[in-house]
Amino acid sequence: MKILKEIIDNWGFVDSKQLSELVKFFPTMPLVIKWGGMERERVPAHKVAERIKIVEDNEQDYVREVFIESARFRQLKAVLGLTDAS
């Protein structure tokens with residue numbers, strides 16, 4: 001799938017456009033929200049945008065980045081045949 005390849009090419013980081021695609025096809029995929037000061041949060045893809053909005057609207061923190069956790073990232077690369085031979 002094209003969206004997954006784009007995310008892998010971006011080292012697992014997900015932008016807002018890619019997030020909307022993930023929500024359509026993989027709504028329960030766990031993603032990590034890295035905040036400016038708060039602890040990182042593991043959230044299903046379909047709840048990421050809502051969680052970011054709640055935190056930012058309440059001026060609790062700001063989002064630095066959203067990404068696929070490393071274990072899932074490696075699994076995804078393996079399934080798509082993109083792992084290193086080493």
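The face of helix 4 directed away from its buried side bears the exposed residues Arg74 and Val79. The model is predicted: local features need pLDDT of at least 70, side-chain atom pairs count only at pLDDT 80 or more, and totals for chains, interfaces and linings use all residues. Residues are numbered from 1 along each chain as its sequence is written, and side-chain values use heavy atoms, with hydrogens and water left out.

**Exercise 1.** State which residues of helix 4 are buried, and what covers them.

*Solution.* Step 1: helices are DSSP runs of H or I with at least four residues, and strands are runs of E with at least two, numbered from the N terminus. Step 2: buried means under 20% relative accessible area, exposed over 50%, and partly exposed in between (1.4 Å probe, protein chains only). Step 3: in helix 4, residues 70-79, the buried residues are Phe73, Leu76 and Lys77. They lie on the same side of helix 4, because their arc around the axis is only 100°; the arc is taken from the directions from the helix axis to the C-beta atoms. Step 4: the cover over these buried residues includes helix 1 and strand 3, where contact means heavy atoms within 4.5 Å.

**Exercise 2.** Locate Trp11 and Glu59, and give the phi of each.

*Solution.* Step 1: most residues other than glycine have a negative phi. Step 2: Trp11 sits in the loop between helix 1 (2-9) and helix 2 (16-25), with a positive phi near 60°. Step 3: Glu59 belongs to the loop between helix 3 (45-57) and strand 3 (63-68), and its phi is positive, about 50°. Step 4: Trp11 is exposed, at 67% relative accessible area, and Glu59 is exposed at 72%.
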